[in-house]
Amino acid sequence: MEGQIAAYRFVHTADVHLDSPLRSLALRNTELAELIGNATRKAFERTINLCLDEGVDALLLAGDLYDGEQTSMKTARFLAEQLRKLGEAGIATFIVRGNHDAMSKITRELTFPDSVRVFGGRPEAVPAARRSGGFPVVVHGLSFAQPAAPESLVGKFREPESGAVNIGLMHSSVGGSPRHDRYAPCSLAELHDSGFQYWALGHIHKRWEEKGRATVVMPGIPQGRDINEAGPKSVSLVAIGDDGSAEIEERVVSIAQFERVSVNAEGIGDWTALVGEVGQALRRARESAGSDHLVARIEIRGASPLAWKIRRDLDAVKEEAEIWASRVGNCWIEKVETDCRPPPAEGRVSGDPIGELTGLLNEQVLTSPAFKAEADGIIRELQAVLPPEARKLLGDDETSIEAAIALLAEEGAADVVARLQSVRGGGA
Amino acid sequence: MRLRRLDLTRYGMFSGGSVDFGEAREGLADLHIIHGPNEAGKTTLVAAYLDLLYGIETTKYAFLHQNTMQVGGALEIGGRLNEFIRIRQSSGSLLDGQNRPVPDIAIRAELGGIERDGYRNMFSLDDDSLEKGGDEILNSRGDLGKLLFSASTGLAELSDQLGKIRAEADTFYKFHGRQTRLAQFKDDLAKLKAERERIDTQAARFAELKAARSEAEDRYRAAVEARGKTQVELRNAERRLAALPLLARLRSIRAQLVPLESLPDAPEAWAEELPRLIQDDLRLEGRLEICAARIRELEDAIAGRTLDAAALAIAGRMETLSLLRARHIAAEEDIPRLDGEDTDAEAKIMAILTAIGRSGEADRNRLVLEASTVGTLRALMEQRSGIVTALATAADELEEAEAALADASDRLREAGGNAAAPSAEGEAALAALLGAQAIARNVEQSGRLRSAKRLWEAAREAFAVSLGELKPWDGTAESLEGMAVPGKDTVEGWKRDLEDIRKKIDRHAGEVETLTTDMRRLAADGKTISQSSGVIGDAAAGTLRAARDDAWARHRSSLDEPTAEAFESALRRDDAAVAARLSHAGELAELRQTARELASREAQSQRAAELLQEAESRRVEIVGEIAAAAGRLDSRLAEIAAGQLEAWLARRDKVLDAWRKLRPVEAELNEARQESRQAAARLASALAAAGTAASAEAGFPELLAAADLAIALETRLGQLRDRVAAGQNDLRQRKRAHDKRLAEEAAWTRSWEAACGGCWLGEAAATPALDAVRAILEAIAELGPALAGKAGLRRRIDGMERDRKAHGDLVAALAGELGLATADDPLALGGLIAERVSEAGLVKTLRDEAERDLAKEQSQKRLLDGEQQALAKAKAKMTDFFGAASLEEVAARLNALATRRELAGQLAGAREEICRTLGVQDAGQAEAGLDALDQAGLDLERDALDRRFHEEDLACQELHTAFRKAAEALEAVGGDSQAAEIEEKRRTVLLELEDGARHYLRLRLGSAATELALASYREQHRSSMLENASEAFSTISRGAYARLEAQRRKEKEILVAIPSAGGSKEADHLSKGTRFQLYLALRVSGYREFVRSRPPVPFVSDDIMETFDDFRAEQAFRLLAEMARLGQVIYLTHHPHLCAIAGKVCPEARIHHLRPSVVPASGC
């Protein structure tokens, strides 16, 4: 870059969800809980260290710093402490509030250091201080004032300042339907038409970017919290030149990465071979993962003569997988699931009592009103004693609950049949 | 699984028995009937089969074989034939065909989990197990019982498993259960929540803390301000109080300064300089006095020392004198000793010369020989003894060789030989003899002839004996071989036909007998009935009626009294008979029935008699056929009994066999004889060629002995000839060696003469002998060194004489220079000179030292004088300044000046302190202000202020503590992650709880669904088995029972049989036979149910139809035949008629016959 005007460099992240707990059964392992507990904090610390190491001009936080229900001031204090470090190093911080922040009570009580600029519910445009001089940069921001914003916020932003690089900081579900989405839906066209050079967005937890007239970046969540936030997670290190062109680098800051590891048991008839397949799948997953730790959910699929045994001895599979995981290193098993079926030829032999029983189960019993009534009773009894946090175990609405029960019954019947199979010495 | 073959290797009474069931035949029933009389081992067979499957169980069948019991067999498993052996052993009792142990599971896996008792009760039946197992079934025990009443065999244990699953679910949650995992999770959640609440600070609480801190801070700041003001006032009052004593001191100093004001100011350094001046003055005076005394002392000492010049002049030569003196003393001691040694050396030389006879020799050195000459002589002397010895040895050996040759020649002559070599013919004859002897010996030793003879005799004996067994026939083997005998099939055919006919005759004769008995009984029955009731039979009634009708006809034609009476009488009899028949209708019917049966038996009897007759004639026919066939073979055999022909033919085969064996043995014997004869002939001719007459007929031992003798003689002559040749050869060699030694001796003598002639030794008239030269050489060995030693001694004596003279000369010269008188003893004089020179040296050293010290002292004195003058000048300067007389006075003035300076300093300090204390600049003003103050008033004011300050200070401290606490509380919120960590734990517990709940639901829903499915399954299967059993029972009972029904009585279901005629009967109320039929029906249906879900196993039953009539047995076999299409069915019986029924119902059934204690044969 010698001879050119120094680029404006900043780190852009969003949806930090500080202190939002990881949701994984893998944390039952206290060793792992020790290693990756508080991962959102650790990832944020890494983000701060990235800013300091790279000596950037600013940190841009595009909303959802913490969970909406988050009420602990310890979280806020931690955030302020981290941002203070940036302030001491002469790095500015720009924050817009997202839907979660708007709900949050702690936002109001927190005092940020002077280096932090929190945009309010009215549009503002702030000239960015340049450490090493150079072309003017203006940061525009508009926060969620309420937990919901049913309309696009793009039109409310100030006009871009001519002769300066304009950066927009916004929490928004880009591409969402204006009628159903409550999180400031807007279209990509709107963003490109805005006259801004860079849109620093937040809200969607999966990363994407698009370069057009404006560079639009949704950095994604920097630390996945459960298997539904699987895959590599990162923040964006951005350098914008005086012509508005942006160079974007993805930097991994996550401590742990969740991955679904699929194992194809198709045609595998030997237990050792199956375990070996699990091990290889884990090794491949670990090799391609960028984070310090890999938390894997193993999904064994395919038609296999071992189907009954896998289903019955899922615990044993998990233990084997854990041995493999420790061999692979920095790899942990959250859960092992299977939907394996026996190959069609072995599925149902005429005259085989278990086969006949399975047929009765699937064709008559599971759909019968008698069973449904009994199932209802069992579920009602359990729900009455579950703690309030777990009441939505089976879902929110009638349809999803019904589907969940049907699935549980089907899986449960398969589990039981698998065990019966073993009683008869069958099941491979 | 199918039983292909059962081997009773060592089991019960069996040894090596085996039953082969053959291969299953596609599409045909696999039904096997094993027929055998009592004691044939049927029950043993069944036990052996179960033992093969499950291990040898009891010792019941060990009476013959004890621990070596063994059963085996071939089982078809999964389409493959597997050989197994079972031995009696606690473990590893199952072996494969190669006697290798195999696990029991190899068989067990095929049995579908049925244990021995189960198998016995279900599918391996005898009277006992049929009944026992049947009761079990009816009481819903055992596998089939459960199958019938509860579930299919495959699912019997599943209920238990469902119970286990339910129990597992209960560990997570159970209604009213306390120790569940769910409860534990909920407890953990609550604990974590409480823990979090304890350490976490929520936003609202944070706001409160912030407000509290601000308020505490404000209050604290206000208190601090008030306390500050009080503190200032207090400090002012204290200053003023402190300044009052300072004013008094200021004034006292001023008063002390007044008398000192007139003194002039001297330089300040004088105060230090003055004491030094006084001290220096005293020190200089003392040192000057010491210096003067020392100078005087040194000058006196120098004057007292005079120098000896002459002695000092020669001091330089004293070292040379000392050296010469030492040599002189040594010579005085050594010269006499050396003279003695010289005399000894001369005497030694003279002794040597005398010894070699040269005492008069002028040139003694000439007699010493050169080293090379001595060497040559010594070498020759050493060689000499070797040469002499070798020559003597060679002469001795030559003599020995001559004697040995003479001896060998003598012996050869004595043995009758000559020294000439043997002829070629003689050698060839010997070689031939050796060869023939070896062959003959081999033949003799092989014993071929002897063993061939033995074998031939044995075979011949066997043949002769077997031939004798063919009587009445006799003849040669060849004629026997040429006979056209009937084929085996023909003989077998006759045998089979005879057996069939015999059976037929037995059966028909039995039938005739039975029927005859029946007929007699029936006739007697009829008679009894008629007699007891007076009823007559139909025939008798007919006779009466005919008599009546006849009488009537006769009466009509004559119409007279006699005919009328006859008619009346006939009518009466007829009426009486009719009346009797009418009144005894029952007896009449019985009578009629008896008559019908009698007629039927008569017909049957007649038929049986016919058949018997037919069979008899057929038998005679076959016997005749056999006799004819025998007669065709040989007329003498025509007499042989029909049954014996087969045995005779077997004996014929035996004879032919023995004859065939005899022929090769005979050939071998002939060959052996031939070989033996040839060998003897060859040996005899070889002996003749070698010159020994011998006959080939003499026999092996004699021939062999003659050969040995001839060979030994020839060998001995050969050895002697060899010895003579060797002796001649040796003699030639010895002669050559002796000549060589003589030449060596002459050469040595020449060398010796040459060596002696080369030195003075040769000067004698004759060359000296070897011993003389050796003595001379020894004597003159010492001559050379002795001559050299004597010359050395002389040289040393001359040198010493020279040293002694030089010393005397030097002493005389030095004495002259010192003016000393000369004396004879230069050693004593020399000593005097040395003493004098030493004395003079000492005096000179002492004088030089004193002169150096004197010069040093004089220069010191000059320095001290200078210092004294400078000091006097300094003293004058001070006394003049003060006009003082002495330095002591000057010191008093300087002290007064110092006191004045001290007081001035104190004055300035006091003024400064006042200013500082009061906090003012101007001291004058301060003095004036202080004058105006009142001490008592000031004290009161200060105390009041002090109290106020302490009160305010306490308040400040309290407020500060409150502020600090508020700030700490706010600070304690911290940015640590504890709350988040707990939250994360809580989340994990919640996830675990949810996971557990889902698992719980899966188990509960899954087991609930399975239970429903299981109920439905049982319903379906019970009805299918019951239906099967119903049908089977109806079949066996030939429709007497329509079906079976399961009826609920109290708590349990029981099985009842429904007769076709209506009503219902529990199993207990059925006759034994019918009950057994019910039990069999249950097994048949159970077997069908079993093979629906599993590979079939053999169904075995041991004579369970004892109580069945033939018709029901027939139906039972129909069912078994049907079963045999599903799996192998084996039925054991001792009833021939059951075999027949089975054969009729199922023509493809295979029948195997067992005979008591005989190896079973299949398919007779």
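Buried area is the accessible area (1.4 Å probe) that two parts lose on being put together, summed over both. The legends below use that term for a predicted model.

**View 1. The interface of chain A and chain B in the predicted model.** About 5,700 Å² is buried between the two chains, chain A and chain B. Carbon and sulfur atoms give 64% of that area. On the chain A side, A:Lys74, A:Arg77 and A:Arg419 lose the most area to chain B. Together these residues make up 13% of what the chain A side buries. In terms of contacts, 60 residues of chain A meet 67 residues of chain B.

**View 2. A salt bridge between A:Lys74 and B:Asp976.** The closest N and O atoms of this pair are 2.9 Å apart. A:Lys74 is also among the residues of chain A that lose the most area to chain B. Across the interface of chain A and chain B, 7 salt bridges are found.

**View 3. Helix 30 packs on helix 31 in chain B.** Helix 30 of chain B covers residues 1110–1123, and helix 31 of chain B covers residues 1136–1145. Their axes lie 9 Å apart, at an angle of about 50°. Helix 30 of chain B is therefore oblique to helix 31 of chain B. The crossing is right-handed.

**View 4. Residues in the contact of helix 30 with helix 31 of chain B.** Helix 30 of chain B contributes B:Asp1110, B:Ala1113, B:Glu1114, B:Phe1117 and B:Arg1118. From helix 31 of chain B come B:His1137, B:Leu1138, B:Ile1141, B:Ala1142, B:Lys1144 and B:Val1145. By class, this contact has 6 nonpolar, 1 polar and 4 charged residues.

Methods. Residues numbered from 1 in each chain as written. Chains lettered and ligands numbered in written order. Predicted model: local features only at pLDDT ≥ 70, side-chain atom pairs only at ≥ 80, totals over all residues. Heavy atoms only, no water. Axes fitted to C-alpha atoms, helices over the stretch in contact; angles between N-to-C directions. Helix = DSSP H or I, 4+ residues; strand = E, 2+ residues; numbered from the N terminus. Parallel < 35°, antiparallel > 145°, perpendicular 65-115°, else oblique. Left-handed = near helix turned anticlockwise from the far one by under 90°. Contact = heavy atoms within 4.5 Å. Nonpolar A, V, L, I, M, F, W, Y, C, P; charged D, E, K, R; others polar. Salt bridge = Lys/Arg side-chain N within 4 Å of Asp/Glu carboxyl O.
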